[in-house]
Every structure is written in C-alpha cells, then in structure tokens.
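Please look at the sequence and the model first.

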Amino acid sequence: MNMMKMMKQVQQMQAGLAAAQEKLASQTVTLEGAGGKLKVTATCDGNLTELVIDPSIIDPSDSEFLQDLLLQTINATIAKGKETAAAEMKKLTGGLDLPPGMGF
C-alpha cells in the first residue's frame, strides 16, 4: 500500500473519530428507576445532565434506599451511554479494538 494513501486514510479516520467524540459528548441517554419515579440523563461520554426525583420516594427515615436507587440508576445510565459510544466508535474503526477515548 502506498504510504501517502495510508496516511490520508489515517487522517480521515482521525477526523471521523473526533467528530464522533464531539457528537457523543452531546448525545444523551435516559433511564428510569423506581417505576419511573427516578429519572437520570447522561451524555454518552459519561456526564450527568439531569436527575429527577419524585418526592414520593423520599423517606427521611430510609435514606439508604434512595441512595442505593440513585447509585443503581446512575451507574446503569452511564453504562448505557458507554455502550452507545462503543457502538458508534466500532462503526468508525471497522471493528478495531481501540481503548476508550482514543482519538489517535
């Protein structure tokens, strides 16, 4: 393969990866917990953007329940965002197994 052609392909892939990372930083996923009484939204790069808690699930005498529910729902939302990001990156890299966040 011609070295110039290969370098051009690498540059195109870099540009595509950068654009995908920018898109994923603004693309969101939302999951609900507690039968819809808890809603967590995060970007696909792992930043929480919204947290909605229905007051009916707040029990001052059992704060551990709410804490556990929050952790589970937040972690599930972030995991869903990472899955979405990995799928998008796989499309661009043609299945190459690149480490997360690698933009060359």
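## Basis

This is a predicted model, in which local features need pLDDT of at least 70 and side-chain atom pairs count only at pLDDT 80 or more, while totals for chains, interfaces and linings use all residues. Residues are numbered from 1 along each chain as its sequence is written, and side-chain values use heavy atoms, with hydrogens and water left out.

## The sheet

Three strands form an open sheet in the order β1-β2-β3, with antiparallel pairing. Strands (E, at least two residues) and helices (H or I, at least four) are DSSP runs, numbered from the N terminus. The edges are β1 (28–33) and β3 (48–53), each of which pairs on one side only. Neighbouring strands are turned by 10° against each other on average, direction ignored; axes are lines fitted to C-alpha atoms, for helices over the stretch in contact, and angles run from 0 to 180 degrees between N-to-C directions.

Strand β2 (residues 38–43) is joined to β3 by five bridges; two strands pair if DSSP finds at least two bridges between them. A42 has L48 in β3 as its bridge partner. Helix α2 packs on the sheet and touches β1, β2 and β3, its direction making about 150° with that of β1.

## Residues in the helices

T77 lies in helix α2 (residues 63–93). T77 counts as buried because its relative accessibility is 0%, buried meaning under 20% relative accessible area, exposed over 50% and partly exposed in between (1.4 Å probe, protein chains only). Not counting residues up to four places away in sequence, T77 touches V29, L31, V40, T41 and A42, where contact means heavy atoms within 4.5 Å.

M13 belongs to helix α1 (residues 3–26) and is partly exposed, at a relative accessible area of 23%. M13 and L92 are 79 residues apart in sequence and 7.3 Å apart in space, C-alpha to C-alpha.
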